[in-house]
Amino acid sequence: RDELDRRAIQIMRDNDRGGYTIPTHGLYPYQWNWDSAFAALGFAAFDPARAWREIEILFSGQWLDGMVPHILFHRPDPGYFPGPDVWQCRGPLPSSGITQPPVALSFARRLYEAAPALGEVPVRMLFDPMRRWIQWFLAWRQDRGAICIAHPWESGRDNAADWDRAMAAIDPADVGSYERRDLDHVHAAMRPTKDDYDRYIWLVQRGRRLGWHAPSLAVDPPFLVADPTMTFTLMRGVRDLIWLGERLGLPTAGLMHDLAMLEQGAETLWNPAIGAYDSRNVLDGAFSGTLSNASFLSWYGGIDRPELARTLEEVMAPLPYGVPSLALQDERFDPRRYWRGPVWGVLNMLVGMGLEEFGHPRGAALRAMTARLIASHGFAEYFDPRDGAPAGGGSFTWTAAVWLAWAG
Ligand code: DGY
């Protein structure tokens, strides 16, 4: 255990670029939004001041309209595509033009709870920026109270089966030629396909053409999917911001209303056909019919649902290391391909934390499985859910953070 703690701390230190943390050397050489929030939780275990620095630097990239970008390109790195020259955004720092699940909102509460005296000033400084990010989601990424993604990268679950049909409706014929760099670092069998990448880049080109101007982007969007990852992480973020506001005497009135709306929105993601939360294509109204690890984030969001606990039992039963990114029973299941089957420490943690808060025994079980997974297979980006074989990038910040903050 001590040895694993030491290795996890070493990974965090090695990936620290001086106030912000990269997910892993090579494959992901910049500051990614939700990776960075997990990094902050990891740092909180041994360097609380450094943990706050991570969140402050993340918010230093916030756009005037309230969005907090999914990548901040602090220093040029030719080993990543698409870089700042492709995105061509005009925020306060070079950045991407889309966002990511707002777990930073909730993790700010955890940092505060771990060290209230240290956290008070950063919470006061960040409270309004955090509220503005929430307002941005509700203005530009909301459908019937559920929170949507306008690009698969926004969900963080890049190539999840959830988006297959919505992605198939995009014709990327005019995308032009480009050179992927991810395949220099990780085997192609573990990464999204060329069909996916053409559409990822095509959507970036559309955003660039429209100057990343939210009102223009919202007209005839080619891709818009209401997503449980976004909906439940934002719901949890709003709850935690209310908690912080009440603690520190900051204004929370509007947030109560936002929370009620998100709770209604979550209902629109309940798919009785799979007995779980699902993603819903806003453009045609159809569910994706996908049991993913995000299907079980409602406890984390603050909603208990007995039918969901039964579905979770079924999904976890055949597998030793937790909740797969796609159920084994699904014909699209692919054990090594990123978000189409592998198990991810971060999603195990969010699902497990939520279950533990509701007193479900599955939560502690999930935590023990995640600890065993990391102890026997290391700090990989993600893992084969059948045998735990490490996959994707190595020495990964967020897996180290999951160990330090929760599993270990
Ligand atoms: C990538 O480049 O694969 C990232 O996941 C985008 O966020």
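Predicted model: local features only at pLDDT ≥ 70, side-chain atom pairs only at ≥ 80, totals over all residues.
**View A. Lining of the largest pocket, by residue class.** The space inside comes to about 380 Å³.

**View B. Helices and a strand that build the largest pocket.** Have a look at helix H6 (116-140), strand E3 (142-143), helix H9 (194-209) and helix H10 (214-217): each gives at least two residues to the lining of the largest pocket. H9 provides the largest share, with four residues.

**View C. The second largest pocket.** Here you will find about 240 Å³ of space. Its lining has 15 residues, and Trp 63, Asp 65, Arg 90, Gly 211 and Trp 212 lie nearest the centre. By class, this lining holds eight nonpolar, four polar and three charged residues.

View D. The ligand sits in the largest cavity. Around the ligand you can pick out Tyr 28, Trp 32, His 70, Tyr 80, Trp 153, Asp 158, Arg 191, Tyr 197 and Tyr 338. This shell comprises six nonpolar residues, one polar residue and two charged residues.

**View E. Polar side chains facing ligand oxygen atoms.** An N or O atom in the Asp 158 side chain is 2.5 Å from an oxygen atom of the ligand. For His 70, a polar side-chain atom lies 2.7 Å from a ligand oxygen atom, and for Arg 191 the distance from a side-chain N or O atom to a ligand oxygen atom is 2.8 Å. On its own the ligand would expose 230 Å², and the protein buries 96% of that area.

Note on methods: Residues numbered from 1 in each chain as written. Heavy atoms only, no water. Near = heavy atom within 4 Å. Polar contact = N/O pair within 3.5 Å; in protein donor to acceptor, adjacent residues only side chain to side chain. Areas by Shrake-Rupley, 256 points an atom, 1.4 Å probe, with all protein chains shown as cover. 1 Å grid on protein atoms, 1.4 Å probe; cavity = no way out; pocket = protein on both sides within 12 Å on 5 of 7 lines; lining within 4 Å. Sits in = over half its atoms within 2 Å of the grid points. Nonpolar A, V, L, I, M, F, W, Y, C, P; charged D, E, K, R; others polar. Points joined across faces, edges and corners; volume = space filled by probe spheres on them.
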